[in-house]
There are 2 protein chains.
Amino acid sequence: MNPKRCAACKYLRRRCPKDCIFAPYFPPNDPAKFACIHRIYGAGNVSKMLQQLPDQTRAEAVESLCFEAKCRVDDPVYGCVGIIHLLQTQIQNAQNELAKTQAEVAVAQTKLSQTQNSDF
Amino acid sequence: MNPKRCAACKYLRRRCPKDCIFAPYFPPNDPAKFACIHRIYGAGNVSKMLQQLPDQTRAEAVESLCFEAKCRVDDPVYGCVGIIHLLQTQIQNAQNELAKTQAEVAVAQTKLSQTQNSDF
């Protein structure tokens with residue numbers, strides 16, 4: 001066994017070719033990263049998706065695929081979409097809080113101008 | 001050809017079995033839904049994921065998988081994660097706006113109490 005095979009080729013029990021599409025993104029010291037992505041998308045699909053992307057965007061694509069795969073493993077029903085719903089709720093709450101606080105500003109400013117007018 | 005085959009079996013050019021795991025979620029009148037999910041995950045992976053879930057959660061799982069697959073087709077580098085980053089930026093903006101407005105409330109209230117005290 002060549003200890004320098006990338007995590008993907010190690011997982012797939014194959015020789016790691018010189019131009020391996022996975023090697024730059026799946027170093028041998030992090031086997032869980034590939035296991036997760038392989039379980040959700042399959043190695044073939046990931047390889048196909050990476051091949052369709054320009055080199056300089058592949059690292060980011062791998063990170064986002066790994067994130068989504070991990071979310072799907074953690075939450076097999078909602079995956080990443082669960083996080084999106086959670087964030088949308090947080091935005092709604094923050095916007096409600098903002099509207100409430102803006103109303104408080106308006107009330108305080110009205111009171112202030114009434115008090116100042118009554119000084120004359 | 002049986003016109004009642006589900007969209008998945010039609011796409012996979014196979015007979016739609018009575019207990020087809022895809023049939024309840026991929027009606028024949030929406031072929032694009034399966035095409036998208038097949039392109040990103042592969043039919044085998046989706047079937048495996050659904051089999052591991054209790055019946056009553058499968059419809060929601062299919063919806064979230066379809067959403068993620070569509071995001072990945074639309075944005076092959078960031079997929080769903082692009083939406084998550086966008087929402088996180090929105091939350092940050094809303095929270096900044098909220099902090100600013102809360103500071104305005106504090107200023108207005110301080111001025112108000114100073115004005116009221118100066119009345120005595």
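**Labels and cut-offs**

Me: Start with B:Asp55. What makes B:Asp55 count as buried or exposed?
Reply: B:Asp55 has 55% relative accessibility. The cut-off for exposed is over 50%, so B:Asp55 counts as exposed. Keep in mind that this is a predicted model.

Me: Why is the pair B:Arg58 and B:Asp55 called a salt bridge?
Reply: Their side chains meet at 3.3 Å, N to O. The rule asks for a side-chain nitrogen of Lys or Arg within 4 Å of a carboxyl oxygen of Asp or Glu. The pair therefore passes.

Me: Where do B:Arg58 and B:Asp55 sit relative to each other in the helix?
Reply: Both are in helix α4 of chain B, 3 residues apart. That separates them by about one helical turn.

Me: Is B:Arg58 buried or exposed, and how do you know?
Reply: B:Arg58 has a relative accessible area of 15%. Buried means under 20%, so B:Arg58 is buried.

Me: What makes B:Lys70 and B:Asp74 a salt bridge?
Reply: The closest N and O atoms are 2.9 Å apart. The limit is 4 Å, so the pair qualifies. Both residues lie in helix α4 of chain B, 4 residues apart, about one turn of the helix.

Me: Which accessibility labels do B:Lys70 and B:Asp74 get, and why?
Reply: B:Lys70 has 48% relative accessibility and counts as partly exposed. B:Asp74 has a relative accessible area of 55% and is exposed.

**Across the interface**

Me: How do you know that a salt bridge joins A:Glu68 and B:Arg72?
Reply: Their closest N and O atoms are 2.9 Å apart. The cut-off is 4 Å, so the label holds. Across the interface of chain A and chain B the rule finds 2 salt bridges. Over all chains the count comes to 8. The A:Glu68 pair crosses between chains, from helix α4 of chain A to helix α4 of chain B.

Me: Why are A:Glu68 and B:Arg72 given the accessibility labels they have?
Reply: A:Glu68 is at 1% relative accessibility, so it counts as buried. B:Arg72 is at 3%, so it counts as buried too. Buried means under 20%. As background, side chains of opposite charge can pair when their charged atoms come close.

Me: What makes up the contact between the chains?
Reply: The contact takes 41 residues from chain A and 41 residues from chain B. The two chains bury about 3,600 Å² between them, 70% of it on carbon and sulfur atoms. There are also 12 residue pairs in polar contact across the interface.

Me: Which helices of chain A supply the side that touches chain B?
Reply: α2 (31–40), α3 (43–51), α4 (55–74) and α5 (79–118) each supply at least two residues. α5(A) gives the most, with 22 residues. By class, this side has 21 nonpolar, 12 polar and 8 charged residues.

Me: What makes A:Asn45 count as buried or exposed?
Reply: A:Asn45 is at 13% relative accessibility. The cut-off is under 20%, so A:Asn45 counts as buried. A:Asn45 lies in helix α3 of chain A. A polar atom of its side chain lies 2.8 Å from the backbone oxygen of A:Tyr41. Contacts of A:Asn45 in chain B include B:Arg39, B:Tyr41 and B:Asn45.

Me: How do you know whether A:Thr101 is buried or exposed?
Reply: A:Thr101 is at 4% relative accessibility, so it counts as buried. The place of A:Thr101 is in helix α5 of chain A. Among the contacts of A:Thr101 are B:Leu98, B:Thr101 and B:Val105. A:Thr101 and A:Tyr11 are 54 Å apart in space, C-alpha to C-alpha.

**Cores**

Me: Which residues have the most contacts inside the largest nonpolar core?
Reply: They are A:Phe22, A:Tyr41, B:Phe22 and B:Tyr41, in a core of 52 residues. Elements giving two or more residues to this core include α1 (7–11) of chain A and α1 (7–11) of chain B. A:Tyr41 is in contact with residues including A:Leu65, A:Glu68, B:Ile40 and B:Tyr41. Apart from this core lies another, of 10 residues, among them A:Cys80 and B:Ile91.

Key:
Residues are numbered from 1 along each chain as its sequence is written. Chains are lettered from A and ligands numbered from 1 in the order in which they are written. This is a predicted model: local features need pLDDT of at least 70, side-chain atom pairs count only at pLDDT 80 or more; totals for chains, interfaces and linings use all residues. Side-chain values use heavy atoms; hydrogens and water are left out. Contact means heavy atoms within 4.5 Å. Buried area is the accessible area (1.4 Å probe) that two parts lose on being put together, summed over both. A polar contact is a pair of N or O atoms within 3.5 Å; within protein, one must be able to donate a hydrogen and the other to accept it, and residues adjacent in sequence count only if both atoms are side-chain atoms. Ala, Val, Leu, Ile, Met, Phe, Trp, Tyr, Cys and Pro count as nonpolar, Asp, Glu, Lys and Arg as charged, and the others, Gly among them, as polar. A nonpolar core is a set of buried Ala, Val, Leu, Ile, Met, Phe, Trp, Tyr and Cys residues joined through side-chain atoms within 4.5 Å. Buried means under 20% relative accessible area, exposed over 50%, partly exposed in between (1.4 Å probe, protein chains only). Lists of a residue's contacts leave out its neighbours within four places in sequence.
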